[in-house]
2 protein chains.
Amino acid sequence: MADKKLQVIPLGGLGEFGMNSMAIRYGDDIIVVDAGMMFPDAELLGVDIVTPDFSYLKDNAGMVRGLLLTHAHEDHIGGVPFLLADLDIPVYGTGFTLAMVERRLEEHAMLEDAKLNEIKPGDVVKLGPFEVEFIHVTHSTAACVALAITTPLGVIIHTGDFKVDPTPLDGRLFDLHKFAEYGKRGVLLLMSDSTNVDRSGYTESERAVAPRLEDIMVRSERRVVVSCFSSSVHRLQMIFDLARKSGRKVGLLGRSMLSVTEIAHNLGLLEVHDNLLLRPQDIQLAEPAKTCVLVSGTQGEPMSALSRVAVDNHKHLKLEKGDTVVLSARMIPGNEKNIMRMINHVARRGSNLIFGSMTPPVHVSGHGSSEELKLILNLVRPKYFMPVHGEYYQLSRHAQLAKHLRDHGLEASFVMETGESLEIDEKGARKGERIAVGRVCIDSGSIDEVVEDMVIRDRRHLSEDGFVMPIIAIDKSTGKPEGPPEIVSRGFLSEDNKDILAEAKKVVARTLETSNHEERADWGVMQEKIRADLKRYLTKQTARRPLIMPVILEV
Amino acid sequence: MADKKLQVIPLGGLGEFGMNSMAIRYGDDIIVVDAGMMFPDAELLGVDIVTPDFSYLKDNAGMVRGLLLTHAHEDHIGGVPFLLADLDIPVYGTGFTLAMVERRLEEHAMLEDAKLNEIKPGDVVKLGPFEVEFIHVTHSTAACVALAITTPLGVIIHTGDFKVDPTPLDGRLFDLHKFAEYGKRGVLLLMSDSTNVDRSGYTESERAVAPRLEDIMVRSERRVVVSCFSSSVHRLQMIFDLARKSGRKVGLLGRSMLSVTEIAHNLGLLEVHDNLLLRPQDIQLAEPAKTCVLVSGTQGEPMSALSRVAVDNHKHLKLEKGDTVVLSARMIPGNEKNIMRMINHVARRGSNLIFGSMTPPVHVSGHGSSEELKLILNLVRPKYFMPVHGEYYQLSRHAQLAKHLRDHGLEASFVMETGESLEIDEKGARKGERIAVGRVCIDSGSIDEVVEDMVIRDRRHLSEDGFVMPIIAIDKSTGKPEGPPEIVSRGFLSEDNKDILAEAKKVVARTLETSNHEERADWGVMQEKIRADLKRYLTKQTARRPLIMPVILEV
């Protein structure tokens, strides 16, 4: 029976940060765990979203039995629409995870055709030769699961993202017993989250942020503005409860904050008391001492609600002296500069700022630290171990963490990068053939814009529509453009269409004129605004979608 | 006598990170404190160094009496050559600070004409109506001073960068007495370092890193590779001493590491025992268990020694399994991605990595935390306070820290940004006229290259030589270029010179071919290599210096 080999194929998220996706193949049957996305490095000019290249799955479309989702974070579900665009396969996830996927599918008008199957922890799903049990784990978003995948060669455990929160806010404990049970019976391969491997000790419980947040709500004499990830449902619940306790009403700003709270509320994951909420248009009028505003945009994304509030360009909230702004989130690596710009703008408004590490904390991580990782390793005691979710150095540290299990049945750890594959058969496990993987870059115009016409723009197709590069020189001290904008274009329009490029320069000039001083001093905001405006103009004029890469020269 | 007003004019470093410079004017006399540089944001394509625009000083050249340097860090002295290129003024600094300036002046062949004047703490220099006393302070580099500037309207204290190290490695205590004396007599204006204002408590003494470093040296069974800033003379001394104590010889890699240790040794600031040092060419041959290597490049600068070691492309050091690499430095904001790339490469070599925060620490800051800042405020008790050296939010927090002094003579704090000015006269202090300031961007070809022909490239001159933009598509998984490189150029060569651009494409292709897989997978390295090679070719062919901006598309 077990003459076929088992292959474990990371399509994304190993040796890189984000866009997690893993294929598991036995003979002619494949299942996929997660299909995430990542935000690109600044070097990838003009790209908004990066997803794994799912060619391997498309090339073997007839074999793919289903997609299993561990939880609702973008780095695990953000690529689902792009995968389902090519593969008509069933998707399995908890109610909240699927609701978050539905939101994305709707934006792409793909919801009707999707085969979404809700599962609950404890459920078992049979897909070809695989039997998948879903196991409840704790993490920073709601309704997260790990997977126990029984294959003809043995059991594979995939943890998803997790921490072992001893006192979760919703009272639903991490299912240690299930991990212990599988460990006792024998596990062939463990794949475990490596994100926080370099933190010693235990990650604090989500509850640990309550004292600081309560203190802020009670002591602040004016508005309290809190920014956190909209998917952090437990954090939102805590803020709702503390606001109510301290006599504050809660306003919500930002598209994702509004839609996610609605989803979580509808699913019974978020309790919202009557008369607690303020409509966005009422926030500015409400008594500041009795107001709390939840705003999306913790990472300084240039078009997010908080960034717009920071540069005093949001119609529903004008920060004032004495207001308190709390960043209840970590800085995702690569976003530090954007976040610092936003923080400086908030300071210019005269508002108080609370962010960063402090005791008690204003943010705790959703990922387990090294002692939690060892706990999982010791419960599962796998024969083979493959650290997942992390850059190379994190994966290699996680492998080192498992060394002591050599005396307890561990035969080998594999530090693998996306594109490598692990092969397991009766004789054992080894690195197998390289799989053609890669990245697909997607230009959606503007990250926070409703993505009404998202185009999958593989950079290989650059030659088809070419690119347009508006170049603007801005005087840093005055914030004013120096001379008219230039536009460099290649492979987009021939010399016969000079009129369109001349008009495009005027579009850029107009965008500059209609921006205020602070926006002009903020490259990130200006790049996004110019890109969005120019894209609208060029699409209308030419029905083509060149890559638009604004370059701002500071003089 | 005091009918003239005093003006304090930040030319750089207020409301931004780096390139600190401050002009102080009384009537027709100006003195300048520091002339720093900064490394640019990634958005500033093709720029290597940014300095303040010194136009204000050039426009008033006849009034500038001298440049006072507080210490030897690049963000305080890196702009000196660019200032002295236009102004023939005397420069004052400690022996070590001047030696570090000499090194830069030599690169620009400007050393002979410079009027460098060595001062010692306690010395007083008279410049027009100003009398400047130099005060010894502790910081992460050697021979640092604060300034007490007596003007006709009162005393200005400028702290430079400092922490109040209670147990400095060289035994030279922070001169608290002098600050107390001036404070007792009455200080008109205090300008104080805001870098670490958001850290609570005290910054640990430089000595605090010794236990961890000693432990690493003693326990490691193979090579110990330590990277720290070459200007951290006390840290270097500690590493030399610990290496010797643990039976290791010390090799030095990287241009700055070699030259700064030589300078510090010649000045008697660094004690190097006989037979302690290994020549670079002997490092690889020496017994690993008895070797320590000091390498420059803590910030992941793509062409630095450590980055080259990390991608296994340094002729004098090949990392191996079991070697230990220590990053004894902080991550400067904006460099996180470069540093993480380097760390991942080191992990691929199989070496152990020690970096980040831990107890005991492997790095301590050179800047005072909030309790130290309050100590200085309480010693000086100024009439006016202007926080310096920091982004806007740091300056505003520092101003908040001084609030309690309202009951002790403080009349006002001024949170100022570069380009604003403070005016003080008999009637008091207020924000004065705006000064035309800005930034000058300099393209030196390659940061770590010997700068034999540095060109000051104000972006305003872009129209003169134009730009050249090589565009390369690289397949992330294979590391191979997809198709031939493209080159976009504007304002550089006319259509008649197609041959040169065609040949330039071949130059880029050649750079790609002769790079190894890991280099090709590292955008930063490839951008630098392509830029350097293309620049060499184009300069030779055309004698022009277009801005070269390599764009790497990952497909």
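**View 1. Surface and overall make-up of chain A.** In this predicted model, chain A exposes about 21000 Å², of which carbon and sulfur atoms supply 48% (Shrake-Rupley method with a 1.4 Å probe; for residues, only the protein chains shown count as cover). Of its 555 residues, 62% count as buried (under 20% relative accessible area; exposed is over 50% and partly exposed in between, with a 1.4 Å probe and protein chains only). Chain A holds 17 helices and 27 strands (DSSP runs numbered from the N terminus: helices H or I of at least four residues, strands E of at least two). Residues are numbered from 1 along each chain as its sequence is written, and chains are lettered from A. Local features need pLDDT of at least 70, side-chain atom pairs count only at pLDDT 80 or more, totals for chains use all residues, and side-chain values use heavy atoms without hydrogens or water.

**View 2. Helix α5 of chain A.** In α5(A), residues 176–185, the buried positions are Lys178(A), Phe179(A), Tyr182(A) and Gly183(A). Seen down the helix axis, the buried residues fall within an arc of 135°, so they line one face of α5(A) (the arc is that of the directions from the axis to the C-beta atoms). They pack against β9 (130–137), β10 (144–151), β11 (154–158) and α12 (370–380) of chain A (contact means heavy atoms within 4.5 Å). On the other side, His177(A), Lys184(A) and Arg185(A) are exposed. Gly186(A), just after the helix, takes a positive phi of about 110°.

**View 3. The open six-stranded sheet of chain B.** Its strands pair in parallel in the order β15-β14-β16-β13-β17-β18 (two strands pair if DSSP finds at least two bridges between them). β15(B) (277–278) and β18(B) (352–354) stand at the edges with a single partner strand each, so one side of each is left without a neighbour in the sheet. Three bridges join β17(B) (324–327) to β18(B), and Val325(B) has Leu353(B) as its bridge partner there. Helix α8(B) (255–266) packs on the sheet and touches β14(B) (249–253) and β16(B) (291–295); its direction makes about 120° with that of β14(B) (axes are lines fitted to C-alpha atoms, for helices over the stretch in contact, and angles run from 0 to 180 degrees between N-to-C directions).

**View 4. Backbone geometry in loops.** Most residues other than glycine have a negative phi, and most peptide bonds are trans. The bond from Thr359(A) to Pro360(A) is cis, with omega near -5°; Pro360(A) is in the loop between β18(A) and α12(A). Met19(A), not a glycine, has a positive phi of about 40° and is buried at 1% relative accessible area.
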